[in-house]
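Please read this model with me, one feature at a time.

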Amino acid sequence: MSKPAYHQWLSKQDNREIVKCLVPGFIFRLRRRFIYRKRYPQSFICSRSIVDKEVSLDKNCIVRQSTLTGQVEIGKYTTIGANSNFSGSGTVIIGKFCSIGPECFIRSENHNLAYATTYPLEQVIKGRQQEWNEYQSEDISIGNDVWIGGRVSILSGAKIGDGCVVAAGAVIPAGDIPPYSIVGGVPAKLIRMRFDADTIEWLRKLAWWERPEQEIFGQLLEFLHDGYTKVDLKSMQPKDL
């Protein structure tokens, strides 16, 4: 039997990497920097990052040395820590003002568990899926104002609500994580809610991340830090701010 198609593709990829070694690395970094600045003029992407042209970044995002491939959509002001990897055939949607720690792994596809084998036989032989769905994709959504600690893995089908905190090292499987909850562990489980139910409902109605930037960084700045503890939320409507 000849060398499988997938092995041949990997060999070509490896040959390209060897050729790159013959050219000073700074040339590739300068080229990437130029491409990223042209493609995402209002955000910062480290020149050591690999970001596909399919990736959508809103303004003022920060991507440190990471790899983002496939259908990834990231909201404004979201930051991604170094050595993170987002990939898969499903869509990954990340909201606004999120803080994602280093070495996070987000994968929007998984091996098909319905078959007798989970090994991608067709991909190895043909180089890609054709007749069998050896990989199944499920979209991933991460809300706004979410803090994800370092070395977190988020698997296909996960849905993380607004205002959540994910403890470092957690594994988030498919399913819903309620807004303003703190989760951790393998697999992740609820540790506690950040606030009482009334405060969570009030903050969700406030949806401060949708407000104009001059308000967020102006009149709302103090309130978002500790002002909410000093007012009677029950007698105050979010629109009053």
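This is a predicted model: local features need pLDDT of at least 70, side-chain atom pairs count only at pLDDT 80 or more; totals for chains, interfaces and linings use all residues.

Q: In what order do the six strands form the open sheet?
A: Strands are DSSP runs (E, at least two residues), numbered from the N terminus, and two of them pair if DSSP finds at least two bridges between them. Here the order is β3-β6-β9-β14-β17-β20, with parallel pairing. β3 (56–57) and β20 (175–177) each have a single partner strand, so one side of each is left without a neighbour in the sheet. β17 (residues 158–160) is joined to β20 by three bridges, and A158 stands opposite G175.

Q: Which residues touch the most other members of the largest nonpolar core?
A: Such a core is a set of buried (under 20% relative accessible area, 1.4 Å probe, protein chains only) Ala, Val, Leu, Ile, Met, Phe, Trp, Tyr and Cys residues joined through side-chain atoms within 4.5 Å. Among its 34 residues, they are I94, I142, I148, I154, I160 and I172. β6 (72–74), β9 (92–94), β14 (140–142) and β17 each give two or more residues to this core.

Q: Which element gives the most to the lining of the largest pocket?
A: On a 1 Å grid over the protein atoms alone, a pocket is an open set of points where a 1.4 Å probe fits, with protein on both sides within 12 Å along at least five of seven lines; lining residues have an atom within 4 Å of a point. α2 gives the most, with eight residues. The lining has 17 residues, with K20, R32, Y36, S49 and I50 nearest the centre.

Definitions and conventions. Residues are numbered from 1 along each chain as its sequence is written. Side-chain values use heavy atoms; hydrogens and water are left out. Helices (H or I, at least four residues) and strands (E, at least two) are DSSP runs, numbered from the N terminus. Buried means under 20% relative accessible area, exposed over 50%, partly exposed in between (1.4 Å probe, protein chains only).
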